[in-house]
Amino acid sequence: MTREIKKRYVLTFPPQSGDKPLSSQLVKEYDININILKAEVRPGKTGSLLLEMSGTAANIKKGIAFLEAHHVNCELLNKKIHFRQNECINCGNCTAVCFAEALTMDKKSWELKFKPEKCIVCELCVTACPMGLFQIDFHY
Amino acid sequence: MSKTKTYEEINEKIRQGKAVVLTAEEVSEMARKLSPAEIVEKVDVVTTATFGAMCSSGAFINFGHATPPIRMEKIRLNGVPSYEGLAAVDSYIGATACDPDNPKYGGAHVIQDFVDGKNIELEAWGKGTDCYPRKHLKTVINKDSVNEIFLFNPRNAYQNYNVATNTTCEIKHTYMGTLLPRMKNANYSTSGELSPLLNDPEMRTIGLGTRIFLGGTEGFVVWPGTQFNTTKEKNEYGVPFSNSATLAVIGNLKEMTSEYLRAAYYEQYGTSLFVGIGIPIPLLDENMARCVSIRNEQIETTILDYGTEGTPVLGRTNYAELRSGTIKINGEKVRTAPVASLQKARVIADELKKWIQSGNFEITKPVIPFPKNTSLRSLKEIEGGES
């Protein structure tokens, strides 16, 4: 049995693809389980979707190729989150707002642990960080 | 009769490199097995530390005189207003000062830029006088070009602090961080058992003239901090249940580093400065050993609703519970998060420990102790005050 994997992608839809039911094709044609974590549709302009895909690596690869053939830009979520961790002072302000637990404090060292793969792009950390260290590319 | 030590005896051991120095966390752990009488036999100095946002911070600067000279009556540093009501080229840049058109870059950022050795644009205006004829000046300065720049913070190192939560239906942006609606989080600030004034609650060894770690260099306690309050209710360990005593501190900014002094911006609130402070506590006797042995579960604090006017009290908790990740407020489980850096505070306590162990940092007996019976006045609005 081929192992299933789970990955989060940020999909950016060009204006002409915004109204096509592309995500459902991932389920039908490529046997990928999808979980929409965040969506932003700007009619006549672009759209953004944070999509978690579960399936075999081969199927996810095919699904991504299908989306890209329809001019949908697909990027792994962690490529969209920019965190200047080397400037972090481990104050914990971002962990106060991160309910996805992408940002947590290590209970021994009290250093910040960052797991971008858990992020749901609520973007609360962007304003919660007093050093302004987070930037998330989701809106186009 | 248990052992007592004088400041001079401890300093002699420091000079000889024989002083036993522990951090407050290490001694709290030691206290699980040893009594205060045994601890005072073994340990000479305990280092405490904190690294949190302290709004009441700022720096005095003397820019030096230009030719022809100017009496600076309006001053901007990288566009941020700096106080002009001192002598011709003296100023004070406060951490929270800002240009309302650029609120995310404030006095704290100017201070950090000075510390980092960056060039800063100075623009000043004066009316022109017989002795200071110039009316305008625009130039570039940095920490090496100015005569003096020293940090002088009127209120730092709060003894304990409230936990902040928000019972309303709206998100609140505060200096205690982002408070989510309906008590979805509770934020706390102090470094608990490592915090300076929680390890010497009566301030027997911390007073005017105490030599401390400030922003990466040597600094001094110079006065009781503003809003110094010693009459708040205390628990059985002598620790106040909410924010009480404070310290005014001073140190040479030219020697500081942004490892221990960092500018911050809080959404919709404004700028502030994270200040790194470390304070050594000499174990003069069994009583001091008892004080520094305090543990997080013995330090209690008050939970306030920052969303509601008057910040009503919602309950009490302690630092062991706060650090566990959840507390209970009115029977409801609420997630907790720190807003001050314990990791950095630990680095400071370790650094100060090394300074003392190396014989380069002696402890100071306070020139005078701080007052005992102070409380706060609120600001009354007097009828007819508006005109």
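Residues are numbered from 1 along each chain as its sequence is written, and chains are lettered from A in the order in which they are written. Because the model is predicted, local features need pLDDT of at least 70 and side-chain atom pairs count only at pLDDT 80 or more, while totals for chains, interfaces and linings use all residues.

The model scores ipTM 0.94 and pTM 0.95. Chain B has an average pLDDT of 97, pLDDT being the predictor's confidence in each residue, from 0 to 100. In chain B, 99% of the residues score at least 70.

Chain A holds 4 helices and 8 strands. Helices (H or I, at least four residues) and strands (E, at least two) are DSSP runs, numbered from the N terminus. Their order along the sequence is β-α-β-β-α-β-α-β-β-β-α-β. The C-alpha atoms of chain A fill a box of roughly 45 × 45 × 20 Å along the principal axes. Of its 140 residues, 34% are buried, meaning that 20 or more other C-beta atoms lie within 10 Å of the residue's own, with C-beta atoms placed from the backbone. Two residues are in contact if their C-beta atoms, placed from the backbone, lie within 7 Å. Among contacts in chain A with a separation of 6 or more, 66% join residues 24 or more positions apart.

Helices α1 (residues 22-30) and α2 (residues 57-69) of chain A pack at about 145 degrees, with axes 10 Å apart. Axes are lines fitted to C-alpha atoms, for helices over the stretch in contact, and angles run from 0 to 180 degrees between N-to-C directions. From α1(A), the contact takes Leu22(A), Gln25(A), Leu26(A) and Tyr30(A). From α2(A) come Asn59(A), Lys62(A), Gly63(A), Phe66(A) and Leu67(A). These residues divide into 5 nonpolar, 3 polar and 1 charged. Ala, Val, Leu, Ile, Met, Phe, Trp, Tyr, Cys and Pro count as nonpolar, Asp, Glu, Lys and Arg as charged, and the others, Gly among them, as polar.

Chain B is divided into domain 1 (7-54 + 154-357) and domain 2 (64-146), with bounds from an automatic or database domain assignment. Their C-alpha centres lie 33 Å apart. Contacts link 14 residues of domain 1 to 15 residues of domain 2. On the domain 1 side, β17(B) gives the most, with 5 residues.

The contact between the chains takes 18 residues from chain A and 20 residues from chain B. Helix α4 (residues 124-128) gives the most on the chain A side, with 3 residues. That side has 10 nonpolar, 7 polar and 1 charged residues.

Terms used:
Buried ≥ 20, exposed ≤ 12 C-beta atoms within 10 Å, placed from the backbone.
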